[in-house]
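Hi,

Here is the structure I promised to pass along. Have a look at it first, and then read on for what turned up.

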Amino acid sequence: GVKQMIVAINKMDEKSVNWSQPRYDEIVKETSSFVKKIGYNPEKINFVPISGWNGDNMLEKSANLPWYKGVTLLEALDQITEPKRPTDKPLRVPLQDVYKIGGIGTVPVGRVETGILKPGMIVTFAPANLSTEVKSVEMHHVALPEAVPGDNVGFNVKNLSVKDIRRGMVAGDSKNTPPQETESFNAQVIILNHPGTIHAGYAPVLDCHTAHIACKFTEILSKVDRRTGQAVEEV
């Protein structure tokens, strides 16, 4: 999940706010309470008051916020530790969409989550279990020798039509642990203000990356403290 967080408090220039420190403090208090509930430590989060419209406190300190002694939004971003890109894991590209482009052919589009995508690679699409060669990889209309985690790319594939593959499918390297269809899996979920009771047999709609599909909780294994990640009750 998300390991690092910045809270930007926008519209400080709005007339009813007028750069007010009490209003800023009120929002910090409310937001801190919320992020604490879902397992974050508010003391490790920068709460940055800004005006996106005027640019106050985004790149440079603002004279309109003399009471604020913290960092600018840019400085807060610079403090974020860059995550390690999981290039050593098997390739996974959840498809966001599939296009048919004249003169080129079928072009699936998606974000590389793990692994490396290269032209010439044979990829497998799950759960359809279709395999084909990647002819080219592009990002922002620029051809790439390879795409790594975090890259949003389009890649041209051979001998598949837009009817064969669709949003929600996952592409992987056919020679290195390709993705496969599954009947069940274990998951850790966070429940926020649910009006009912979560129990075995509960049937929500699951959004996992770009997939959108109905599922069922067959068994609840344990309840977990979301702050520590430790099981507090075996079910």
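A quick definition to start with: a residue is called exposed when its relative accessible area is over 50%, buried when that value is under 20%, and partly exposed in between. Please keep in mind that this is a predicted model.

With that cut-off, I190 counts as exposed because its relative accessibility is 53%. I190 sits in the loop that links β9 (170–173) and β10 (205–208), and together with F34 and L192 it makes a nonpolar surface patch of about 290 Å². The loop between β9 and β10 also holds T177, whose phi is near 50°, a positive value in a residue that is not glycine. T177 counts as partly exposed, because its relative accessibility is 49%.

H140 also has a positive phi, near 55°, and is not a glycine either. You will find H140 in the loop between β6 and β7 (142–143), and it counts as exposed because its relative accessibility is 67%.

Do look at the cis peptide bond from A126 to P127, with omega near 5°. P127 belongs to the loop between β5 (122–126) and β6 (130–139).

Finally, an unreviewed UniProt entry places "domain: Translation elongation factor EFTu-like" at residues 105–170. That stretch is 47% strand and 0% helix, and its end C-alpha atoms are 19 Å apart.

Best wishes

Key: Residues numbered from 1 in each chain as written. Predicted model: local features only at pLDDT ≥ 70, side-chain atom pairs only at ≥ 80, totals over all residues. Heavy atoms only, no water. Patch = residues over 30% accessible without salt bridge, like charges linked within 9 Å, V, L, I, M, F, W, Y side chains within 5 Å. Areas by Shrake-Rupley, 256 points an atom, 1.4 Å probe, with all protein chains shown as cover. Salt bridge = Lys/Arg side-chain N within 4 Å of Asp/Glu carboxyl O. Helix = DSSP H or I, 4+ residues; strand = E, 2+ residues; numbered from the N terminus. Buried < 20%, exposed > 50% of the residue type's maximum accessible area, 1.4 Å probe, protein only. UniProt positions renumbered as here; feature names shortened; annotations may be inferred.
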